[in-house]
Amino acid sequence: MTVYAYVDGPLGEMLLVGRLAEGGRAALRSLSLPGQKGAVGVEDGWTHAPGAFEEVAGQLGEYFAGRRDRFDLALATDGGTAFQRRVWAALDEIPYGTTVSYGEIARRVGSAGAGVRAVGTAIGRNPLLVVRPCHRVVGANGSLRGYAAGLERKERLLGLEGAGV
């Protein structure tokens with residue numbers, strides 16, 4: 001069963017979508033921000049279930065308050081191609097407060113050179129903004145490049161983590 005809830009945050013009202021798991025908790029499938037390119041919208045048949053996302057909301061609150069540097073959440077593992085899942089796994093390994101280049105992510109997933117563009121596309125399709133830290137990926141020269149929810153939000157997240165660019 002697909003469940004959803006809205007959570008307020010400093011980047012705007014976040015839409016959380018998940019699959020209901022044991023204990024009434026949701027395995028998070030998507031976190032979208034207002035105005036995000038490719039954002040998920042609530043679909044017919046989904047159930048509004050804020051209680052299923054209490055742990056997610058709590059950890060997001062701690063993160064935005066500067067009291068959490070890593071998320072420990074149940075995540076839905078469906079979705080994405082095998083390549084996208086490799087790229088997303090590489091994102092999960094980027095430490096809080098640091099940045100890496102798109103080229104470095106391409107190298108880590110065995111797709112250096114021309115694969116940088118494919119890595120950028122996979123990162124742009126990350127369904128778990130904030131939780132899966134695609135905001136920590138920058139251009140080769142350290143400049144801000146692409147973020148589905150806007151560069152100003154990317155800059156704000158990096159600033160929160162002390163990795164301002």
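**View 1. Leucine 31 in strand S3 is the bridge partner of leucine 16.** The model is a predicted one, in which local features need pLDDT of at least 70 and side-chain atom pairs count only at pLDDT 80 or more, while totals for chains, interfaces and linings use all residues. Residues are numbered from 1 along each chain as its sequence is written, and side-chain values use heavy atoms, with hydrogens and water left out. Helices (H or I, at least four residues) and strands (E, at least two) are DSSP runs, numbered from the N terminus. S2 and S3 pair in the antiparallel sense over 6 bridges; two strands pair if DSSP finds at least two bridges between them. These two strands form a hairpin with 5 residues between them. In its turn, glycine 23 has a positive phi of about 80°.

**View 2. Strand S1 (residues 2–7) and strand S2 (residues 14–20) pair in the antiparallel sense.** The pairing runs over 6 bridges. Alanine 5 has leucine 16 of S2 as its bridge partner, and valine 7 stands opposite methionine 14 of S2. The hairpin of S1 and S2 has 6 residues between the strands, and glycine 12 takes a positive phi near 115° there. In S1, 5 of the 6 residues are buried, so this strand is largely enclosed by the rest of the structure. Buried means under 20% relative accessible area, exposed over 50%, and partly exposed in between (1.4 Å probe, protein chains only). S2 is also largely enclosed, because 5 of its 7 residues are buried.

**View 3. Four strands make an open sheet in the order S3-S2-S1-S4.** The pairing in this sheet is mixed. Strand S3 (26–32) and S4 stand at the edges with a single partner strand each, so one side of each is left without a neighbour in the sheet. S1 and strand S4 (residues 47–48) pair in the parallel sense over 2 bridges. In S4, threonine 47 is the bridge partner of valine 3, and histidine 48 stands opposite tyrosine 4. In a regular strand the side chains alternate between the two faces of the sheet.

**View 4. Helix H1 (residues 54–64) lies across S1, S2 and S3.** H1 runs at about 145° to S2. Axes are lines fitted to C-alpha atoms, for helices over the stretch in contact, and angles run from 0 to 180 degrees between N-to-C directions. Contact means heavy atoms within 4.5 Å.

**View 5. Helix H2 (residues 82–92) packs against helix H4 (residues 115–124).** The angle between them is about 80°, and their axes are 9 Å apart. H2 and H4 are therefore roughly perpendicular to each other. Angles under 35 degrees count as roughly parallel, over 145 as roughly antiparallel, 65 to 115 as roughly perpendicular and the rest as oblique. From H2, the contact is made by Phe83, Gln84, Val87, Trp88 and Leu91; from H4, by Ala118, Val119, Ala122 and Ile123. The residues of this contact divide into 8 nonpolar, 1 polar and no charged. Here Ala, Val, Leu, Ile, Met, Phe, Trp, Tyr, Cys and Pro count as nonpolar, Asp, Glu, Lys and Arg as charged, and the others, Gly among them, as polar.

**View 6. The buried residues of H2 are Gln84, Val87, Trp88, Ala90 and Leu91.** Seen down the axis of H2, these residues fall within an arc of 155°, so they line one face of the helix. The arc is that of the directions from the helix axis to the C-beta atoms. What covers the buried residues of H2 includes helix H3 (102–108), H4 and strand S6 (137–138).

**View 7. Arginine 132 has its place in the loop between H4 and S6.** Arginine 132 is buried, with a relative accessible area of 9%. Leaving aside neighbours within four places in sequence, arginine 132 is in contact with Trp88, Leu91, Asp92, Asn126 and Pro127. Valine 130 is found in the loop between H4 and S6. Valine 130 is buried, with a relative accessible area of 1%. Phi of valine 130 is near 70°, a positive value in a residue other than glycine.

**View 8. Alanine 74 lies in the loop between H1 and H2.** Its relative accessible area is 49%, and alanine 74 is partly exposed. Not counting residues up to four places away in sequence, alanine 74 touches Ala26, Ala27 and Leu28. Alanine 74 and arginine 19 are 55 residues apart in sequence, and their C-alpha atoms are 9.9 Å apart in space.
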